[in-house]
Amino acid sequence: MRTVVLLIVLAFACLAPAAEPREDFLRIDLPLALGYARVQERLEAVRALRPTVGLHLSGGSARAFAHLGVLRRLEEEGLYPDVVVTNSMGSVIGLLYAAGVPLDVIEELFQYIDFGELFTLKLPTGGGLADLRGMSALLQALVGEVDVAELPIPVVVVCEDLVSMRRVLVAEGPFGEVLRAAIAIPALFEPVELEGLTLIDGGITNLVPLEPFAGLNEAVISGTAFYNRDLEPKDPFTIFTMAVNIGKSRTAVQDLRRFQPLLIRTDVEEFSFMGWHQLALIQGRGYDSCAERIGELRAYLQRTGVPLPLPDPRGAAAERYRRRWRDIRGRLEAGQGLPLPEGYHALQLHPLVLRRYRGSNRLVQANFAAASYLYEKGYGGLRLGLLSDLGSRHGAFLDLDAAPGGVLALELENYLFFTLDGALLQDPSSYHLLRASLEPAVAGWLSGGPFLLGELLVPLQGGEPAMRTAGGLRARARGPGTRAGAQLGGFWASPSTAGLEAELYLRQSLGGPLYAFGRALLHACGQGMEAPGYNDFYRGILPSVPLASFAVFNAELILAPASLALPLWESVIFRRLEISAFGDMFWREAAGLSSDIAVSLGASLQGEAGLWGLIPLRAMLSVGYDLAKGRAFVSLNLGRLF
């Protein structure tokens, strides 16, 4: 049998065309250019009036955000570049700045939006483990559809072409595509096809490519964000990271020696490339590093004949971008998404946390592993997949969602569950969930509106279907150090249970890393009886007997040091860690003012694990003791509990 398999493999190998060596291999050191001649023309027009100044912003992953501080200090000096050359993560800053987005908007954007949450993990069917649809939606909403060649400040993005093995100077092309190509880290993100080229992050070969400035400018300023950490080469991931860093850092130093720019070496070299949680600190280091070089910068510009202050070539674009950012932030604070400019599809392996209806109005949580196909475009999308609890319970699902006008949110989830007993399929059932909500922003800090929920559980081998509907009003508010919400509504469940439900919650900063959290839920039936369920978030041992009413109270004292992060192997970082002491109270027959109250006390640990500091997976572990039952309990939740 093995001989047959080997012969088949050899036969296919013989049929496959032999790979021909590249005839132009000895030309791979010569760069290709897209739109570079247009940049030269624009600079010639400036040179007719005065000497020109170019600015390079290097790559460096999270460290590249030091360039925000550098640009801030240069603006205070009255220096605005005539051209920007950038590569890798420095292109995020460089392209937005060249488009005219003011620094205060860029700073606020990446303080408000977690950079890592702009990316989504997927199976690498197209060459990358993550996709950039979150980044694309944000860029489309902020910058719109614009060609890089038309930006107020000429910009050259340095990439590499996988096929020709040549460096590519990109100065034209759709803004979003060029930015995605600039940060297309091999294996993490898919290469970007642009004008017949297969582009990846240029920082993989040179962190400071200064060649585009050759003969282009009289003065060149280079801001760097090198990776110069003291690491122990004791695991394969760290060793690989250190090895890749050798080549791109060596070529960067060679370019610095060859072209002799005014160097602003930002003091961020000890930061991990996964330091997305430290962007404010990194930015401040960039500002201070530039400030230390201001005297030398003035002398350098004087020698090259560049006068200060220089005019800002971005004109009146700043206020337009501020308005757009206020609109984007308002939508996000109201819980609304941003439209995707093009169709995105991905195959994904992911955890699936399902809080589903089980009958008698009881909601339970179940954790599944899922494999699914996802397609999203505009405000809508679909997900089709398979799931398993890694035991005997398995199933399939189809989710559809849409947001007409970006305000009304509609979602329909459909699940088919079954149990496998050997080769026998048992206990099949279907579960359907419809959600609808309208929560426009009422003010900059407040959003709210009506919501509707419908659930249907259908046993497929006999038994009565179970149905539940709920609706009402909800509101959410947030401010500095504060997050609050309220919900008031009614519900009906088959066969004849109806009632009211009200909920309030508040998370408040107590100063520094300390927070307090409180929540109250009241659930009362007007007719019929029902059992409490997992959705009530009592971290204890719930009663199994039906109740006419109940209340749940949660209180937490939380320690959440924002700067605490634990890297592992230079590939995973644990962050947003929170340690809390909690007390939960379950009040049976609360509407009747009974004295039957259960209390549980405990502690919890929650946080995120981010792959390469980007794609986060959140989990929460709770350990406690139910005083009423006299028993300890442990619970694990994927995602946030509240």
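**Labels and the rules behind them**

Mentor: Let us start with the largest nonpolar core, which has 105 residues, of which Phe65, Leu96 and Phe115 touch the most other members. Its largest share, seven residues, comes from helix α4 (residues 90–99). This is a predicted model, in which local features need pLDDT of at least 70, side-chain atom pairs count only at pLDDT 80 or more, and totals for chains, interfaces and linings use all residues. Residues are numbered from 1 along each chain as its sequence is written, and side-chain values use heavy atoms, with hydrogens and water left out.

Trainee: What makes a set of residues a nonpolar core?
Mentor: The members are buried Ala, Val, Leu, Ile, Met, Phe, Trp, Tyr and Cys residues, joined through side-chain atoms within 4.5 Å. In soluble globular proteins, nonpolar side chains tend to be buried together. Another core, of eleven residues, lies apart from the largest one and has among its members Leu352, Leu387, Phe417 and Leu457.

Trainee: Which residues does Phe115 touch, not counting those up to four places away in sequence?
Mentor: They are Phe65, Met89, Phe110, Met135, Trp276 and Leu614. Contact here means heavy atoms within 4.5 Å.

Trainee: Why is Thr266 called buried?
Mentor: Buried means under 20% relative accessible area, exposed over 50%, and partly exposed in between (1.4 Å probe, protein chains only). Thr266 has 1% relative accessibility, so Thr266 counts as buried. Thr266 sits in the loop between β12 and α9 (279–292). Beyond its neighbours within four places in sequence, Thr266 is in contact with Ala66, Val70, Thr224, Ala225, Gly286 and Ser289.

Trainee: And why does Glu77 count as buried?
Mentor: Glu77 has 15% relative accessibility, and therefore counts as buried. Glu77 belongs to the loop between α3 and β3 (83–87). With neighbours within four places left aside, Glu77 contacts Ile294, Arg298 and Leu308.

Trainee: How do you know what is a helix and what is a strand?
Mentor: Both are DSSP runs, numbered from the N terminus: helices are H or I with at least four residues, and strands are E with at least two.

Trainee: At what angle do helix α6 and helix α7 pack?
Mentor: Helix α6 (residues 133–142) and helix α7 (residues 175–182) pack at about 140°, with axes 10 Å apart. Axes are lines fitted to C-alpha atoms, for helices over the stretch in contact, and angles run from 0 to 180 degrees between N-to-C directions. Met135, Ser136 and Leu139 of α6 meet Phe175, Gly176, Leu179 and Arg180 of α7.

Trainee: What is the angle for α3 and α4?
Mentor: Helix α3 (residues 66–76) and α4 pack at about 35°, and their axes are 10 Å apart. His67, Leu68, Leu71 and Glu75 of α3 make the contact with Gly90, Ile93 and Tyr97 of α4.

Trainee: What makes two strands a pair?
Mentor: DSSP must find at least two bridges between them. Two bridges join β4 to strand β5 (residues 128–131), and these strands run antiparallel. Thr120 has Asp131 in β5 as its bridge partner. The open sheet of three strands has the order β4-β5-β8, with mixed pairing.

Trainee: Why are β4 and β8 edge strands?
Mentor: Strands β4 (120–121) and β8 (187–189) each pair on one side only.

Trainee: In which sense do β11 and β12 pair?
Mentor: Strand β11 (residues 219–224) and β12 pair in the parallel sense, over four bridges. Ser222 stands opposite Leu263 in β12.
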